[in-house]
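Have the model open while you read.

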Amino acid sequence: MRRLSVLGSTGSVGSQTLDVIRSKRDEFELVGLVARKASEKLLMQAIEFKPLYVVSYEEPSKDWLTSLPKETTYVKGHEGLMQVIEASDTLMNAISGVDGIIPTYHILTKNKRLLASNKESIICLGDLVKNKRGMILPVDSEHNALFQLLSFVSKEDIKKVYLTASGGPFRNRSIKDLKAVTVEEALNHPRWKMGAKITVDSATLMNKGMEMIEAINLFDLSVDSIEVVIHPQSVVHGIVELKDGSFLFHVSQTDMKVPILHALFYPERRDYPFERKNLLELSPISFEQVDREKFKALYLCRWVAEMGGAYIPALVGADEAAVEMFLKGKIGFLDIANLVEDVLSMLNLPDPENIEQLLYIISWAYEKVKEVSERYG
Ligand code: MG
């Protein structure tokens, strides 16, 4: 039986992981649930799933603690995280943003199996990720699709790997209109329901740019071998073009529970226990080119992928701050990529050699964005 924990259990991917587990309850021992806040939602999850441990970074109330089931032990913060990692053999890291980096670091260092949904950690911890490839199952829909496709082909037969992007809510807007995008509009993604940070990153295509770096680290690809293509229906999640003229597609309905189900049971397969769409409902399928001018963030990420080293954590820290500023209404939509670019151009730090230096570069870029943004708006 798998000894599984879910980090970020109250978020979008975390909750959907529990939806899958609920339907296959006897196949897992649930070791830990980890979340930032000691919320009602976390409490309800603990009551239903009775994990061995429940962990929050925020102090819970007395009532909250006394409501926990008797099977469940509460441990706070980092100490709790470490106990959960120790006691598990498989961990879903669905914590969003920079907060997911330390958990991924410890999961991989302790040789546990990682179901990877936090992309910031996969892109920042490049060398560690490369050394532990066999321990990582990608959960991001695109990377899960590529993971499946690439298992059928030899590396020397690959001509190109395509990441598909829905194009977000602003695919059909002119660059002039993008200036005036509101927070509400940016949070209204046409295909996927996700947290605020990743939804904004999807609208700027920063998310797709980071996914490009993620794919490089996960599958040992060169920057030149990856291309992004707009695919508005979001049913083709990955494409591999082979040298003999074939294109292999991974197609599935737009539902994160599909890659979650795959990652949870790999290398076995299980029945999808939810309402499924038939093939005709997944058509039509179309592709478009990305507008370079409109989606600057994507090209910024390509440049960062080529530079490597300190530029990667700096990108992550700068974007985290810029999206926060946008969500607070302090900067405009197009300023996100401009600010990140400005701060990256000031970067003059050596490549990180350990996790402490990596986190320092992230916080340097984060603070720098706040400082530089005073001149915006
Ligand atoms: Mg994705």
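## The metal site

A quick definition to start: donors are N, O and S atoms within 2.8 Å of the metal, and water is not among the atoms, so sites may look incomplete. Keep in mind too that this is a predicted model.

With that in hand, the magnesium ion has Asp140 (OD), Glu142 (OE) and Glu211 (OE) coordinating it, at 2.1 to 2.5 Å. Written as a sequence pattern, these donor residues are spaced D-x1-E-x68-E. Glu142 sits in helix α8 (residues 141-150) while Glu211 belongs to helix α12 (residues 206-219), so the pair ties together parts that are 69 residues apart in sequence.

## How the chain is divided

The protein chain splits into three pieces: domain 1 covers 2-139, domain 2 takes 140-254 + 283-305, and domain 3 runs over 308-377. Going by C-alpha atoms, the centres of domain 1 and domain 2 are 27 Å apart.

How much area is buried between domain 1 and domain 2? The figure is about 1,400 Å², and carbon and sulfur atoms give 59% of that. On the domain 1 side, Lys119, Ile123 and Pro138 lose the most area to domain 2, together accounting for 44% of what that side buries. In terms of contacts, 14 residues of domain 1 touch 19 residues of domain 2.

The polar side of the story: nine residue pairs are in polar contact across this interface, both partners at pLDDT 80 or more. As for where the domain 1 side comes from, α6 (119-124), α7 (126-131) and β7 (136-138) each supply at least two residues. The most come from α6, with four residues.

## Salt bridges

Between domain 1 and domain 2 there are three salt bridges. Lys119 turns up again here: the side chains of Lys119 and Asp140 meet in a salt bridge, at 3.5 Å from N to O. Asp140 is also one of the residues coordinating the magnesium ion.

The overall count comes to 25 salt bridges. One of the salt bridges joins Glu27 and Arg270, whose closest N and O atoms are 2.8 Å apart. Glu27 is in the loop between α1 (12-22) and β2 (28-35), and Arg270 is in the loop between α13 (257-265) and α14 (296-307), so this pair ties together parts that are 243 residues apart in sequence.

Notes:
Residues are numbered from 1 along each chain as its sequence is written. This is a predicted model: local features need pLDDT of at least 70, side-chain atom pairs count only at pLDDT 80 or more; totals for chains, interfaces and linings use all residues. Side-chain values use heavy atoms; hydrogens and water are left out. Domain bounds come from an automatic or database domain assignment. Contact means heavy atoms within 4.5 Å. Buried area is the accessible area (1.4 Å probe) that two parts lose on being put together, summed over both. A salt bridge is a side-chain nitrogen of Lys or Arg within 4 Å of a carboxyl oxygen of Asp or Glu. A polar contact is a pair of N or O atoms within 3.5 Å; within protein, one must be able to donate a hydrogen and the other to accept it, and residues adjacent in sequence count only if both atoms are side-chain atoms. Donors are N, O and S atoms within 2.8 Å of the metal (3.2 Å for Na, K and Ca); water is not among the atoms, so sites may look incomplete.
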